[in-house]
Amino acid sequence: MIEENLIPKVGVITNVRKDTPDVKTFRVVGTDGKKLFKHMPGQCAMVSVPGVGECMFSITSSPTNEEYMEFSIKKCGCVTEVIHSMEEGSQVTVRGPYGRNFPVEEDFKGKDLLFIAGGIGLAPLRSVINYVRHYRNNYGKVVVVYGARSADDLVDFEEIKTEWKNEPNFEVYLTIDRPQEGWNDHVGFVPSYVKELGLDPNMTAVLCGPPIMIKFTLAGLLELGFDKSRVYTTLELRMKCGIGKCGRCNVGDKFVCKDGPVFRMDQLDELPDEY
Amino acid sequence: MQDVTTGNKEFKPNIVAFCCNWCSYAGADLAGSSRLTYPANVKIIRVPCSCRVNPMFVLKAFQQGADGVILCGCHPGDCHYVTGNYYTRRRMALLFSFLNYMGIEKERTRVEWVSAAEGAKFSAVMNDFVKTVTELGENKRLTDLRVKEGK
Amino acid sequence: MQRIGVFICWCGSNIAATVDVKKVAETIKAEPGVVYSENYQYMCSENGQQLIKNAIKEHNLTAIVVGACSPRMHEATFRKAAEAAGLNPYMVEIANIREHCSWIHKDMDEATEKAVVLVRTAIAKVKLNAPLMSGESPVVKRALVIGGGIAGIQAALDIADAGFEVDIVEKNATIGGRMAQLDKTFPTLDCSACILTPKMVDCAQHEKIDILSYSEVEEVKGFVGNFNVKIRRKARYVDETKCTGCKICMEKCPSKKGLNDFNMGLNTRPAIYIPFAQAIPNVAVIDPEQCIKMKTGKCGICQKFCGVGAIDYTQKDEFIDRQYGAIVVATGFKPIALDNFNEYGYADNKDVITSLELERLMNAAGPSDGVLVRPSDGKHPKVITFIQCVGSRDTSGCGKPYCSKICCMYTAKHAMLIREKYPDTEVHVFYIDVRTPGKNYDEFYRRAAEQYGVDYIKGMVGKVYNVNGKLMVQGSNLIDNEQITIESDLVVLATAIEPEPSVRKIATLLTASIDTNNFLTESHAKLRPVESPTAGVYLAGVCQGPKDIPETVSQASACAAKVIGLLVKDKLKTNACVATPDEMMCNGCSQCANVCAYGAITYVEKEFRLGGGKTEVRRVVSVNPAVCQGCGACTVTCPSGAMDLKGFSSKQIMSEVEAICKM
Amino acid sequence: MFKIRKENLNDLYAKISESMGLYIPIKKAGEVNYHVWGEGKEVSLETLKTVRSPKDAFFPQTENMMKFKTEGKNIDIIDVRDEKRPFVLFGVKACDYKAIEVLDKVFLMDPVDTYYKARRDAITIVTLACSKPEESCFCSVFGIDATAPCGDVTAWLDENYLYWQANTQKGEELTGKVSALFEKGGEEEVKSQQEQTKTILAKLPFATLDLSRFKPENLNELFNAPEWESLSEACLGCGTCTFVCPTCQCFDIRDFKTRDGVLRYRCWDSCMYSDFTLMAHGNSRTTQMQRYRQRFMHKLVYYPSQNDGLYSCVGCGRCVNKCPQRLNIVKVINTLGGKKND
Amino acid sequence: MRDVEQKMIERAAALLQNGEVARVVGWKKGEFYFDPAPAVFETVDELKDFVYNGFCGANLSKYLIKVSKNEGKTAIFMKPCDSYSFNQLVKEHRVDREKIYVIAVECQGKLDIEKIKANGVTAVTNVEENGDKVTVSSLYGETVLDKADVMLGKCLTCKGKTHQAKDEDIILHEMPAPANNRFDEVAKLEAMTEDERFAFWKEQLQKCIRCNACRNVCPACSCLKCVFDNPSSGVAAKANDDRFEEQLFHVIRAFHVSGRCTDCGECSRVCPQNIPLHLLNRKFIKDIDGFYGEYQAGETAEGKTPLTSYKEEDLEVSDVFKGEGK
């Protein structure tokens, strides 16, 4: 029996959390109250509101969460706007998981890990970070550098403050673009903060955020001596089918939905500059 | 949807009437307050002026299963917006002629000028239009099967 | 997604008798987006509105649908209620389940089903409603009064007394209108001129009033608070600023055969004339059709005799542009033409006259200096027969279907005056009904019939014919049930009145609607009787419907009150439902500007950011929301759909269509 | 090998139609396209190129996928696929048959597209050898033999006969159903026709196209070639080339509101369309040049790099004939391929 | 025609050389004689590929929308029919007239390679034009055809040979205007019954593959974003999932260009399924002429279109079908 991969399942929203003025995190389970499907960190799912449209979102919750999945969704279009208006009990459809995950069971194992995120870019990384936290002994030191425009735009601030910061061998660096009342942490852009921190280039790095941030942060990392083959990122491209057929997310000889969204920087270098 | 051919139930056409706020909608109100009846399958959509009616709305109505579409506006010269219905007149003359050219029954489309004082005319027009479309039968030429099959 | 509240009104039994309102409210509860659905006896009542307000607050509603009477009736009411509860007033939609449903359908199931569809349709629309804000536009503190009769005069004086500038545009050479032609007025019998001319003089002397006589409105642009009006000042061939009204020109003018309109053509006047002694302005005017100088180039006598050099045969029509905040239409009436009523012999017999002609014959300043004489031979008529309802209440199509309202009273007045002045005169009145509602009116009529011995005959006149100079009035006496013929010396026809024909053009210019009888339509028959549907335009006098002087004056003052209320505001809230372009989609083709009747659309060159730091300058549309009236003509002209209309967006209308077809 | 007289072909169609659907080139309103056969339809096997390719048969322009019934907040998902009746796709030319192989690689590769597979499994393909190739044909460049297409059954047509050769189990089954109409023989005639056709094929103007530069290792160089600008200058951004192409497989998934729910369907899309890669926060290909480049890079470089050098162009020449402004892959191959000689 | 082409190249070269224009829009040689493509030439050197022959049927005016945004003046070669589209684009402010240098070129009617092939000629390798005749060489032999039989449909109902806009012209031979009445085909359809018309269009439109070639080539379809591509328009679709969508697309498209369509015939020329799309637009033109007086879009670059103007005494909608007797 071939698995139906284009027909979604019905998901019920069981919890809505407002993270920032334009980001909400939705907890979703199946109609039977159970988790819809298994996934790995970095994988995506297609969430849809019938009649409105379908959008690809990275699954923000950790695979180790056996009860539900979470999607952190930024309001930026038609579908996301409707999803944002949804409440507990509303239904959506979900299909997935799609794409390649972060190599948490392969390349990441035993390594020191550096996560760098900007804005909503933390969403895909949260899944990995929490996975790593769950299997803490499999990995070395973890450093998280996370920045946003303002303190209000930091996603999952509660979890970061109350859980991540207390994790052993786990460093969290937060920064915001401009000074703000009540903010006692670092102020400045992520790329420059990364350079200031003088991080160990032997770490395996994962970047996620706006293209401009990725560009300058990567440059910064390379300056620090990081190697592109140990820097990962995740791409977001318009995907439709999720299974590498519809052609929409094709870049070079890759389909982002199938061959990505997680790419190593050296892999991206081989692709035409169109992502 | 009723199946006309089986004749189980009398065919009741679905009529969408676009009425301008100032004359025709008021005319329909007057028909109401004068208790001048017309069939319940006429449903009115209020638009500020008949010139607000985009051909796309007309086609949308047919797509969704309307059997007849009628536009009502102020009499030419009496448009609340000075010239609106003059444009309506040209647009709809051309559109309806065109639809007929494509084989769509000309009786399914109509434009009538009904003033705020013409409650009786409004009712008469609607009765007549419903009668005409009823005789014509179900709209099969300009309709979207996907919509109907939904039922 | 919206949190929608639905409120179904019973309207007492008006809706509830044919629509199962509870079922509607119940059925609608299952609609996606509806979080509250209720029904109530009178939603528009204080309690009903409170119910809505409470629900908005308690259930956190973001939009409401009221299933009730026509939105033309109570949309404003419910919008206010919503606003009071903190909701944007434009988040309200009305499903018209009364006029469009309960009142026209008899079958309860059918009507209920339709009501559900109508409410669903309103829900489909309201889901896409967005809060709208009205803009503001400044108010020009000046009013225009079209028509210088008693209605116009009264309105102008009231407005001017409140401190606002007023222009009266009168198409004739003098203000005064029909009332100036009247002799006495009912029911007090005071002299028309005595009560009117002081008001005319007040107008002339009022520093806030500018009388533009012998002028017509040519073009009206703009909108409430900001009308731009082009006025044609017709050539008088007499310099208004120089003429002193000495009348020497009238004496010297060799062409004296012009029919005197003021006296209903019962006598003649010179080619250069002042319509009547108390004319305002007291300035002569030349009838170019009659003037020998203008027709042949020879003559010029008046110019020679004019002491102040006011005569100017080369004068041309002039156009002036003025801005006004409000406009009062007071264009008045005229008696109907009697072409369709040959049976009364009006065209064939000089002694068959209309009531207005009788007014002139009885007036001291009239053609016979106030002596009642027969037009044919100048003799005093001994038997006078009045015929009522000539052309009024006529369903045959020859006349007017409406009652002209003033004829019963003025006929009683005429009869009474004649009997008083010439007690030897026999006066008969044929009537269908005598209608005298009004303060002291019936008393007045009874006085005529009882004290003055006027012979009131209930019946219709079949024919008036001439036998040897005697007018035979053949009619029926319905009380005695007999055919009678009255040998009369003079027959007076109580001719129906109709709106002054120029009102059609005015209505078109003002986009004010007009009914089948050419009366201007008021915004609401009961509650907004002096407002026209066009904002900023008000109606006074007979142009709106038949009425007598006291009613006309009341209406004129009411208009003035409305105008003053408008002009005291510095700014007006503009229509919130205006065209709204999407610049990203506009390609600047200018099609939309071509169809805008208000000139609300202009184009600007604007810089847009493209990807990759590049920019592009494009010509894009710009809508002036203060000027846009929200008709939507532009939206259909735009092929890309870049232009949409707030409050009636394409998406909204299309989802209404979908909802309707979803039966 | 079997043969059947041309005038008896109608019997063959009728026989096949008894138990299976039959898609065959039929002339309707002046144009020949694949349609379901029926008595009285004007079959046109002689037509070298149908306007639309036979890919319709398993990858139709629109295909309903599922329906959502919504009631209040609840969503019900209904699979609207019906049982796929077995059918015969008749008269597929060598290039178009190759194109089906190209599509198979996309749709049947893991994760499998079940919609495509269901249709694919139900089809028996009868190919038809070409005898009169035209100037826009260049299948030979891709190693395709127009005179000997594969498929479940291969057929040849001359003035008198249709010749029939089953190649697969499915083909044998079909032959079994219709063999009563056949007589044996035809090997000689086929052979001579093949030889004749081959001489023409060798003379075709595009027979010498050089694909040697279109290799994965040249990806970035080809991608960055300045010639794309002038090549794409006249492109209207329409979807003609895409929709007549037998290998183009891009699609969109869209929702349609019905009276009581939502119908989700997929339909062909084109990478030439300006909104193909448009998303809420931008578009990764903003110019027509980029979109034009994508289409040809995909056919000549990206696809081969994913599929062991198999090009996703089969030289059918439809785009050569149908491009409104006469742009086509041949111009691209000649312009960019010629570079190695510089 | 060679002499015309030669002259065109000379003028283009001169204009580019002396810097009067920054680029020239014309046609570029293809793989064959019969497949020239529209092209922009920026240097004299590029003109070696310039071509002007019987297969240069494409209307170049729409390219000006994009090209004229670039720095400097653009020269364009324009056939008489293209000049109507050009005026319409200028009228709609899509092209800045000041930035365009129009060279009017002679046109003797353009050829349709599909019609040539429809004569049973295949594997065409070359075409030669000799006055009224066309000689076609193919791998299977040589055929001589009457030019009139293989002309583009749009040329058979040519609106005339007068350029409506030009800055200079290259007209070396007389251009006889054809005698066809372009509304005959429309009238033929009008004469059918409703049922017949419906059947006709149903069959024709069923061929539509929604490739958008008709729209994208249409000079009147110059919207930045077409309603059919705009998800929020309520009519967006990528394919005709139902017969209704075939109708919707073509009705709305025809309506949107009504009063603006110059009848350039490009829609029919480019349709891969040869749907006679021009008959849709032409119906609007015929009706406009009949209802509101003759109007030819693109005759001038100024003024209102019939749908953005009106007369008080305009035909009533109810009178549209009067006197039709059906």
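## Helix pair in chain C

A crossing of two helices is left-handed if the near helix is turned anticlockwise from the far one by less than a right angle, and right-handed if clockwise. The crossing of α1(C) and α5(C) is right-handed. This is a predicted model: local features need pLDDT of at least 70, side-chain atom pairs count only at pLDDT 80 or more, and totals for chains, interfaces and linings use all residues. Residues are numbered from 1 along each chain as its sequence is written.

Helix α1 of chain C spans residues 21-28, and helix α5 of chain C spans residues 108-126. Helices (H or I, at least four residues) and strands (E, at least two) are DSSP runs, numbered from the N terminus. The two helices pack at an angle of about 40 degrees, with axes 9 Å apart. Axes are lines fitted to C-alpha atoms, for helices over the stretch in contact, and angles run from 0 to 180 degrees between N-to-C directions. The angle therefore makes α1(C) oblique to α5(C) (under 35 degrees is roughly parallel, over 145 roughly antiparallel, 65 to 115 roughly perpendicular, the rest oblique).

## Residues at the helix contact

From α1(C) come K23(C), V24(C), T27(C) and I28(C). From α5(C) come T112(C), A115(C), V116(C) and V119(C). Contact requires C-beta atoms, placed from the backbone, within 7 Å.

## Domains of chain A

Chain A is assigned domain 1 (9-98) and domain 2 (113-234); the bounds come from an automatic or database domain assignment. Their C-alpha centres lie 24 Å apart. In domain 1 of chain A, 15 residues are in contact with 14 residues of domain 2 of chain A.

Note on methods: Chains lettered and ligands numbered in written order. Contact = placed C-beta atoms within 7 Å.
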